[in-house]
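Below is a short report on one protein chain. Have the sequence and the model side by side while reading.

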Amino acid sequence: MSCLLFNLAIEPLAESLRRSQLKGIRVPGLMNRLICKLFADDTQLYLSRQDNFGQAMIIAERWCLASTAKFNKAKTEILPMGTPEYRRAVVQTRSLRPEQRSTDPFLEGARIYKDGEHLHILGGRVGHKIDTDTVWDSIISNMEVVATKWATRNMTFQGRKLVINFIILSRAQFFLMTNLPTVEITKKITSLTRNFIWTGKLKNAIRLDILMRPREEGGLGIPDFEARVIAVKLALICKWTLPVAQRPDWAAVLNKLLIKASLAPNDSRLSNMLYQEWREKRGHTSKLSPGWRDVLKKAYDYNVRVDGMKFNSLAKAGVPVWLSLMNETTWKEENSGEMRHLHKNHGVMNQGDLERIPQIDRTCKDHEVCLGAIRRLVQSTLPCFNLNVQTTTPTRAGGQGDNLDHTRNRVAENARAAKEDTAILLNPDVTHRSDIALAVRIFGELQDQRRPPAFRDVSTPNEPGLVTIYTDGSADKNGKADSKCGAGLWSPDPEYVKSRGEIAATAIALNIAPTNKELLIMTDSTFVINALNGGYKKYEDMGWLGVTNADLIQRAIYLMRRRTAKTFIQKVKAHAGIPGNENADALAKAALHNETEDEISTRVPDSWKLNGARLSQMTFHDLYTWVAHLRKKNLPERS
């Protein structure tokens, strides 16, 4: 409660600063100027060279008078920003305007940081040209003291793991979020972890990467510090790639720095290197800090890119036109006179601008030339992002769409059906319907983005009637390594079952039923119902990592999505004497005794597959789990 009350008390100060005449710092990409940041009783003030520090102090003193609070002027710290020459001049003259060659009386007593010195902001270390290794040395020294103290205890491996996780590495976790360590520091901490594990025991009897594996894979689940460092870098990429309205302020600053550090810093067409074909300068001429260069490298190493099965007009509108990874125009074509005219005279940056120009800029004397250039740009755009490629499933011969994607009413009806155990209508929608930034994915394999959007085949007219199939599964020695499973399907209409009662009953049912005829799947499995009724979206967002039988679920989802008629699924009570369920159960049990194993295709066409995990939905734990998983795959097997 006290935190909330303090927030209410300090908000007038923030509002006074926002409404003041102080210029603050203007950052391209931010709607409002950067003037102050407040966290509890810490206040960060951002002033431009033209601002008067005394004016800011008058505002602060007025708030102190009203609130009965007091500013600790002795703890005021100033970090100059700008060119090295300007920073040195501020330190020497103790004024934000060094050219006036007079000391600002309001800066008396305040500490002004020089290059190489760092100040503390909410636990982080901030400064110009600071030595990261020196900053980390004190943290490592503290960790070594703690490790030495606990090493004298007679503990099991499990006990040592707990000490590493909750006592030793926890001292570096918060600092890791604010000051990324170098490779050398990371190696030191990893070595400290290894030495603590084997204190008083046979040295390195088991490789550390083996001990880092989960217990079910023969490890101890020892924290992987290097994977944590990589996960922090990817978490920064996650925030940087969010939609503009959701990005932190530093993301706009980073974008501007990247453009300034590019090979063409004055090219106004540059906006975001994740969507465009441009890169920052590298090597000794780079203007980007080594830390941020490494963060960007991790984005490329783990394949951060836009991916989706189909996009609506809102998502397509955010796709950049120039130097875009989503079109096939050449550099020469984009630098032609008419293309330059579109950018400079009509402000064209994204595909949404291409839709706007023909409607409002008819007064342009080169209107027809502009329209021709727009047509060429649209034609060169890849199919998934092309404005001319419709979003909805193509209509049938009679002009009627399939009307299968869910509306709000259908979502509400499904919620009621789930409570009442009646038939649920499955949603086959694959269209991304929001900001293109939310379609950025990570950890996937690089695929050909020229693939066509995912459309259901409506060339065959739908047939009347409903196909009902009961499905069930069985297993012996459930959970054991040598267990077997069986799947059974039963339908009152034998035309749709025949000899296909093999394995993965739900996927088989979706595969054998006609795609153009309504289907009702009756099952006693809550897991199957939840997975098909929207649960798979979470699996897709997480990249299917750790999902049991992911290949079969993906196959079932694909088969459901490609259907052109409605698909229902309904819960039935198990072993309640329902003929269809009992027959499916008997077939599933009989399948356990088959002498040969049956095979089922798990193929999903590329157009119907989401690649990797959705970056905007990833937590730090998700990123760490993925990185640890990929690092484990690239290591040699235990001998």
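The expected span of a helix is 1.5 Å times one less than its number of residues. Helix H16 (residues 367–379) has 13 residues, so it should span 18 Å. Its end C-alpha atoms are 18 Å apart, which agrees. The buried residues of H16 are His-367, Cys-370, Leu-371, Gly-372, Ala-373, Ile-374, Leu-377 and Val-378.

**Confidence**

This is a predicted model. The chain has a mean pLDDT of 84. Of its residues, 90% reach 70 or more. Among the elements, strand E16 (residues 613–614) has the highest mean pLDDT, 96. The lowest, 62, belongs to strand E13 (residues 484–490). Over residues 496–503 the pLDDT is below 50. That stretch still has 25 contacts in the model beyond near neighbours in sequence.

**Cores**

Which residues have the most contacts inside the largest nonpolar core? They are Trp-240, Val-306, Phe-385 and Phe-443, in a core of 49 residues. Five elements are listed as each supplying at least two residues: helix H9 (225–240), helix H10 (249–260), helix H11 (290–301), strand E11 (440–442) and helix H22 (620–633). H9 gives the largest share, nine residues. Take Val-306 as a guide to the contacts. Leaving out residues up to four places away in sequence, Val-306 touches Tyr-275, Phe-311, Met-326, Phe-385, Ile-436, Ala-439, Val-440 and Gln-449. Another core, of 33 residues, lies apart from the largest one. Among its members are Ala-417, Ile-424, Ile-553 and Leu-559.

**Two serines**

Ser-20 is found in the loop between helix H1 (2–19) and strand E1 (36–39). Its relative accessible area is 14%, so Ser-20 is buried. The side chain of Ser-20 reaches the backbone nitrogen of Leu-22 at 3.3 Å. Beyond neighbours within four places in sequence, Ser-20 is in contact with Arg-33 and Ile-59.

Ser-170 belongs to helix H6 (residues 170–178). Ser-170 counts as partly exposed, at 35% relative accessibility. Its side chain reaches the backbone oxygen of Phe-166 at 2.8 Å. Not counting residues up to four places away in sequence, Ser-170 touches Ile-164 and Asn-165. Leu-13 is 157 residues from Ser-170 along the chain, and their C-alpha atoms are separated by 35 Å.

**Cysteines**

How many disulfides does a search of the whole structure find? The search finds zero. A disulfide needs two cysteine sulfur atoms within 2.5 Å. For Cys-36, the closest cysteine sulfur is in Cys-64, 14 Å away, and therefore too far for a bond. Cys-36 is buried, at 11% relative accessibility. Cys-370 is buried too, at 2%.

**Positive phi**

Most residues other than glycine have a negative phi. Asp-421 has a positive value, near 55°. Asp-421 lies in the loop between helix H17 (408–420) and strand E9 (424–425). Trp-544 also has a positive phi, near 65°. Trp-544 is found in the loop between helix H19 (526–541) and helix H20 (550–562).

The table gives the accessibility of these two residues.

| Residue | Relative accessibility | Class |
|---|---|---|
| Asp-421 | 42% | partly exposed |
| Trp-544 | 11% | buried |

Notes. Residues numbered from 1 in each chain as written. Predicted model: local features only at pLDDT ≥ 70, side-chain atom pairs only at ≥ 80, totals over all residues. Heavy atoms only, no water. pLDDT = per-residue confidence, 0-100. Helix = DSSP H or I, 4+ residues; strand = E, 2+ residues; numbered from the N terminus. Contact = heavy atoms within 4.5 Å. Buried < 20%, exposed > 50% of the residue type's maximum accessible area, 1.4 Å probe, protein only. Polar contact = N/O pair within 3.5 Å; in protein donor to acceptor, adjacent residues only side chain to side chain. Core = buried A, V, L, I, M, F, W, Y, C linked by side-chain atoms within 4.5 Å.
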